[in-house]
Amino acid sequence: MNSLAQIDEPLDLEEVGKIIRVKGWAIKSDTETLGIYLDDILLGTVDPFIDRTDVSKGFPGISKPTGFDQVVSVPEVPDGRLHSLTIRSDDDHSSRTLSLRRVKYGDFDSLLRIAVIDMSRMCNFHCEMCPAHSSKANHRSGRLIADQSLINAVLPLLKNPRYRIRRIGASAIWGEPLMNPMYFQNTEKIASTCPEASVSLYTNGSFLTESNITRLLDLECTKSITVSFDAGTKENYERIRKGGRWETVIRNLSALIGERRRRGKKIPTISTNFVVMKDNFRELPVYVKRMADLGVDVIGAVNAHSLYSSDMDQGVFDMPWRTNDVAEERERVLQEVRAIELPPGVSLGFPSFVPTRKSAECSFEGASRVLVDIDGDVYPCCVIQSLNYEGHPDARPMGNILKENIESILASRQFTDFRLKMLQREAPTSICSRCPFFYGM
Ligand code: SF4
Ligand code: SF4
């Protein structure tokens, strides 16, 4: 069989910079090499490592991984013009083009896609596993809400045509965003500065009052709202999410779903989240049934980070070097979850609990994301930010936007090396090498 390949990203006519992330699938014959070219310049060879079930369905005899996701660096080529990005198969006698994208080359940072802006470090809850507010947390003192100086310092990133920010988390990293009295004004300002991006909100649900629901649904930019649960029963909810009341959050979530339905809308997507821990994983089936009854769009879960004093050893996931001591029971519980019949329009958003690579970067998209915390410190993710609270030597911020401009922080050697290393599937820090998200979970 001759080699086949397809470039999924970049898209046709997309703007790219010196580093291009190329994603797609390829089936290689034994005698051919697959090269990635820009015009006639060979940039690298295709190296599939992802199991793509969509591809294997079309080619049932193929058992090897077919998906690839890799970065190539471009030597100097003329700016502002269209160039051909191709995958070609080369053997001793000929060269064939298997896939082609026309790309516009310029001074773009096309790797960065997601910005998370911390709106609040205040919270009315003290969840068991929270690295900022639980009894075991080492919470640093600092500012409590995002004021105008912080928001204004982020805007240059959002309006700079060099970047392609497509998703904005106008949320809180370890706090309740709706406790910031300026939440709606800040979000509108951010969204109008970057109108191509979709905005998401994570909330503990306690401030989803009638007037906040109206304001949230009036904000056209908000495309997804996620309410945290971490339990399926009142007893466990109130034990884990200390300060929260089960009846209140259920009532608020129902009101949000009801008001969106009354408006005849499908957007924002309404999801729930469950941090899966040894302490609560047995409750996953009852959580799924309860949320399905309420009619949320996506019943979500995420692995506990299992890296802080507040959640250490709480993870139920396996690591490449060890199987979790609750693995058998976990699999039984997950089987029970998969057997639940969900109503039409309701889906599960569960992570993997065993190492599974679906992308070059971690499942938190640590190479595509920039996070600005409430003090202006810039990190690739909340795991590193949270370990900074605990004084971990590798958990330093990349810079601070209240002291330096964000463009120079993003272009710094430290940040660029972090992102490139991750996209080359190497752990950029000792934290990543112990993080479940690094292994695709
Ligand atoms: S709601 Fe979020 S920020 Fe508040 S205590 Fe719980 S985990 Fe922490
Ligand atoms: S793998 Fe690294 S970048 Fe990704 S979430 Fe974990 S610590 Fe953050």
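Mentor: A residue is near a molecule if its C-beta atom, placed from the backbone, lies within 6 Å of it. The model is predicted: local features need pLDDT of at least 70, side-chain atom pairs count only at pLDDT 80 or more, and totals for chains, interfaces and linings use all residues. Residues are numbered from 1 along each chain as its sequence is written, with chains lettered from A and ligands numbered from 1 in the order in which they are written.

Trainee: How many residues of the shell around ligand 1 are charged?

Mentor: The surroundings of ligand 1 include Cys 123, His 126, Cys 127, Cys 130, Trp 174 and Glu 176. Ala, Val, Leu, Ile, Met, Phe, Trp, Tyr, Cys and Pro count as nonpolar, Asp, Glu, Lys and Arg as charged, and the others, Gly among them, as polar. The shell comprises six nonpolar residues, four polar and, as for charged, one.

Trainee: Within what arc do the buried residues of H3 fall?

Mentor: Helices are DSSP runs (H or I, at least four residues), numbered from the N terminus. In H3 (residues 183–193), Tyr 183, Asn 186, Thr 187 and Ile 190 are buried (20 or more other C-beta atoms within 10 Å of the residue's own). These residues line one face of the helix, because the directions from the helix axis to their C-beta atoms fall within an arc of 95°.

Trainee: What percentage of the protein chain counts as buried?

Mentor: The chain contains twelve helices and 20 strands. Of its 441 residues, the buried share is 44%.

Note on methods:
Buried ≥ 20, exposed ≤ 12 C-beta atoms within 10 Å, placed from the backbone. Helix = DSSP H or I, 4+ residues; strand = E, 2+ residues; numbered from the N terminus.
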